[in-house]
Protein chains: 2
Amino acid sequence: MPDPARHAALCGQLRSLIGADSVLTDSADLAPALVDHRKLYQGQALALLLPHDVEAVSRVIGWCNQQRIGVVPQGGNTGYCGGATPDESGDQLVLSLRRLNRIRAVDAENFSMTAEAGCILANVQQAADHADRFFPLSLGSEGSCQIGGNLATNAGGLNVVRYGMTRDLVLGIEAVLPDGQILSNLKSLRKDNTGYNLKSLLVGSEGTLGVITAATLKLWPRMRSSATAFIAITEPAAAIALLARLRATTGESLSSFELIPRIGIDLTTRYIDGVSDPFAQRYAWYLLCELTSAGSEPLQDHLQQLLADAAERSEVLDAALATSERVRAAFWKLRETIPEAQRHFGPSLKHDVSVPVASLPRFIHEASEWVREHVPDGVLVCYGHAGDGNLHFNVNRAEGAPSEPFLARESQIKRAIHDLIARYDGSFSAEHGIGRFKREELQRYASPAALSAMRAIKHALDPNGIMNPGKLL
Amino acid sequence: MPDPARHAALCGQLRSLIGADSVLTDSADLAPALVDHRKLYQGQALALLLPHDVEAVSRVIGWCNQQRIGVVPQGGNTGYCGGATPDESGDQLVLSLRRLNRIRAVDAENFSMTAEAGCILANVQQAADHADRFFPLSLGSEGSCQIGGNLATNAGGLNVVRYGMTRDLVLGIEAVLPDGQILSNLKSLRKDNTGYNLKSLLVGSEGTLGVITAATLKLWPRMRSSATAFIAITEPAAAIALLARLRATTGESLSSFELIPRIGIDLTTRYIDGVSDPFAQRYAWYLLCELTSAGSEPLQDHLQQLLADAAERSEVLDAALATSERVRAAFWKLRETIPEAQRHFGPSLKHDVSVPVASLPRFIHEASEWVREHVPDGVLVCYGHAGDGNLHFNVNRAEGAPSEPFLARESQIKRAIHDLIARYDGSFSAEHGIGRFKREELQRYASPAALSAMRAIKHALDPNGIMNPGKLL
């Protein structure tokens, strides 16, 4: 923390740069911005900046570059890896994008919209819906996360199996580079081969190469029919067989394919109001699967037929089709409240991993065996987006076991799981990114060639290291 | 050209580095590699290198980096912008990837395959097909272009409206960086948020940031049903209305949507054997539209119904559905032989532009007016991938007009069309890239912020400027 006189001088300069109402220094104002969603990190900051527009962001970043002051961009502050939290020094600035919250344009005919970074994801979805269009990014925190944060972290979520990650949903971006220059490339083009793909580089760079201030996003036709099923299966291998068959027979209509273990039902029915087991009988594994279409195909019939065929082959043990929006919502509530139920159950060690889809069953088997053998005071809660090979491989403290010795083994458990992931050519961070939480993992598992290329790019674009210092690299 | 003694010494070193059979210096061997597909550039080279594997590529690049010798990677040599042709100095090396032509793996269950850079695109498609899968990249030169070149230039083609550009089809890449390091990231993951997206940066960098030696590609289920129609419309605006309706009612099954002007039919029926006009009557504009699905939807019925509805609204004047594979092939032959027919007709000035899809009709109108008014000795042949806003806006020399004065106006005509494109927030290079042909255009139309970021990245990864010098930037 700089001495009070210097602190006052810096804040004075910032006020004259972007307006007094955009520079908060009161500790009550700052407090929520200084801690991350999972409460892993508690930081300090010179000030919380709330610029009104991209020009103000540009002035701040340019000034920070001259002053060599670190800037931490922050959206809805819902990240899982501490990527939006300042360090403990008190020398950094938090730059909130929340006032850049306009939907600048929705172009239904062009299937595109331009939204500023501070727009809440749910509002982006709604704006598309009002134009009879669909924006497919969907995740648990969509009521509070911001599209700028989704872009900075290349968020995944529930519809990746069909639409890809956030990066795949972007046509153009506007960003402030580390020297304060505004990169304005909000073109809504489907094809544009004019030089290096800066857009894809900035998306997912977690604020370390610049601040994304707006983006032009792809839209789809509004979905008009859907079919949702909760399915009981014997084991994960049955999920992968069913997935291939769904992909091969339902065209592109498969939009979600979530794997849920029995404990997911045990925990949500125990801790979350209004969640109930869709089946009378207990099974080992479940799938939540959804088909949607902008057309009028009889998706329900397709899905029912396919599940009946799978049942004959004993791949499917039981299945419930959502016959109303109420039932559909209940299925999704079960899936989406697993993280909350886990928190009620007690502390957990989270691993956001992915493997090639076809290897998922083998990985789950081997990793589960390891946990059973080596973590007697832990219980595995492994669920996730099986359609794209992404598992939230979490280990909760077993009921009644003491927390301290369990949590003390975090790094040992993480090492074993991530080493196994490396053997499967998988990823130790499928959708949550690196932030501060997984920096060491990146250094450990990324190849020397990849690391040196990343460092060279970081140094080239941000020679003074002002953009989100201490994150990602 | 270095003096003969130095030339011999350099080639000797190369031979000891990668084997005598991999270093060609005979002028007959070199000749085809020294000129581009469109014969815009005639270069010279120290030698043509034909390494057998990625390790040999790595040794060559590392050596070139030490010696400060420029390397020009070359695939099928079918590019339109001279990006794979060495300069006139004779000081550069041409590095052909054609011996790296193995399909390393096809993983049907994981919907992925790994192919080396030198694989012919048609062979990649075939390998997918043999595994009951589909690789959607498809373009006119697929019988001779190589997947490495498709990756380096982020090729577009006929199915972008549904599957995106080449960049969107890649899960992982292997590349040799300018210092000779091998970046080996052939993971077949759908989700992987571990650092900067080097893959998307290298794809489309046209060999200026490294040499792509292999890639893991996304596959889709094999398509089992299709519906193809040749459609006559009054004007481009009807195409865009029809496109929105197709997208909104046929789910994701629309895979091609090509716009063809009357002259496209006149030229192909005149110059190409076996092409005939699908209709008895002449119309101003046509669409070639194709739906495909891995499922068993009655696509023909859908399309027929939709076209009947559009005919009632007078958006469609006439339509012919392909009732057999033979008819379908005839429709596609008409579309795909337009460039060849244009060559028979005479010299042409080509512009590979894109605009936001919804702006296409207005752009075509305004640009056509300009050509009519300002190029009396030219005739417009404007066709292309309307579904993604990409037009090949070509101006042919009018029949009987002298070539020289027409061709002498190339830069003036280009300037007018590209200036207009800029006013439409479009792209002066939608799918063909920059190469050598459009370097000045990039300098002119890219923003200072984008250019300085691109230069910084180039300098950071290739400080000695050995990778494809004089291209792109």
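This is a predicted model: local features need pLDDT of at least 70, side-chain atom pairs count only at pLDDT 80 or more; totals for chains, interfaces and linings use all residues.
How are α1(B) and α3(B) oriented to each other, roughly parallel or roughly antiparallel?

**α17 from each chain**

Select residues 448–461 in chain A and in chain B; in each chain this stretch is helix α17. The two axes come within 9 Å and cross at roughly 135°. That angle makes α17(A) oblique to α17(B), and the crossing is right-handed. Show side chains next. From α17(A), the contact is made by Ala453(A), Ala456(A), Ile457(A), Ala460(A) and Leu461(A). From α17(B), the residues are Ala453(B), Ala456(B), Ile457(B), Ala460(B) and Leu461(B). By class, this contact has 10 nonpolar residues, no polar ones and no charged ones.

**α1 and α3 of chain B**

Move to chain B and select residues 54–67, helix α3, together with α1(B). Their axes are 9 Å apart and the helices pack at an angle of about 150°. Angles over 145 degrees count as roughly antiparallel, and α1(B) and α3(B) are therefore roughly antiparallel to each other. The crossing of α1(B) and α3(B) is right-handed. On α1(B), pick out Leu10(B), Gln13(B), Leu14(B), Leu17(B) and Ile18(B). On α3(B), their counterparts in the contact are Ala56(B), Arg59(B), Val60(B), Trp63(B) and Gln67(B). The residues of this contact divide into 7 nonpolar, 2 polar and 1 charged.

Stay on α1(B), residues 4–18, and select His7(B), which lies in this helix. His7(B) is buried, with a relative accessible area of 18%. Beyond residues up to four places away in sequence, His7(B) touches Pro2(B), Thr25(B) and Leu46(B).

**Asn193 of chain B**

Which residues are in contact with Asn193(B), leaving aside its neighbours within four places in sequence? Select Asn193(B) in the loop between β9 (182–185) and α7 (198–202) of chain B. Asn193(B) is buried, with a relative accessible area of 5%. Its contacts beyond those neighbours are Thr153(A), Asn154(A), Met165(A), Ser427(A), Ser429(A), Ala430(A), Glu431(A), His432(A), Gly433(A) and Ile434(A).

**α4 of chain A**

Go to chain A and select residues 121–130, helix α4. Buried residues in this helix are Leu121(A), Ala122(A), Val124(A), Gln125(A), Ala127(A) and Ala128(A). The buried residues of α4(A) pack against β5 (103–107), β6 (112–116), β7 (133–134), α5 (147–152) and β10 (211–218) of chain A. After α4(A) comes Asp132(A), with a positive phi near 65°.

**Phe111 in both chains**

Most residues other than glycine have a negative phi. Select Phe111(A), in the loop between β5 and β6 of chain A. Its phi is positive, near 50°, and Phe111(A) counts as buried at 3% relative accessibility. Finish with Phe111(B), in the loop between β5 (103–107) and β6 (112–116) of chain B. Phi of Phe111(B) is likewise positive, near 50°, and Phe111(B) is buried at 3% relative accessibility.

Note on methods: Residues are numbered from 1 along each chain as its sequence is written. Chains are lettered from A and ligands numbered from 1 in the order in which they are written. Side-chain values use heavy atoms; hydrogens and water are left out. Helices (H or I, at least four residues) and strands (E, at least two) are DSSP runs, numbered from the N terminus. Buried means under 20% relative accessible area, exposed over 50%, partly exposed in between (1.4 Å probe, protein chains only). Contact means heavy atoms within 4.5 Å. Axes are lines fitted to C-alpha atoms, for helices over the stretch in contact, and angles run from 0 to 180 degrees between N-to-C directions. Angles under 35 degrees count as roughly parallel, over 145 as roughly antiparallel, 65 to 115 as roughly perpendicular and the rest as oblique. A crossing is left-handed if the near helix is turned anticlockwise from the far one by less than a right angle, and right-handed if clockwise. Ala, Val, Leu, Ile, Met, Phe, Trp, Tyr, Cys and Pro count as nonpolar, Asp, Glu, Lys and Arg as charged, and the others, Gly among them, as polar.
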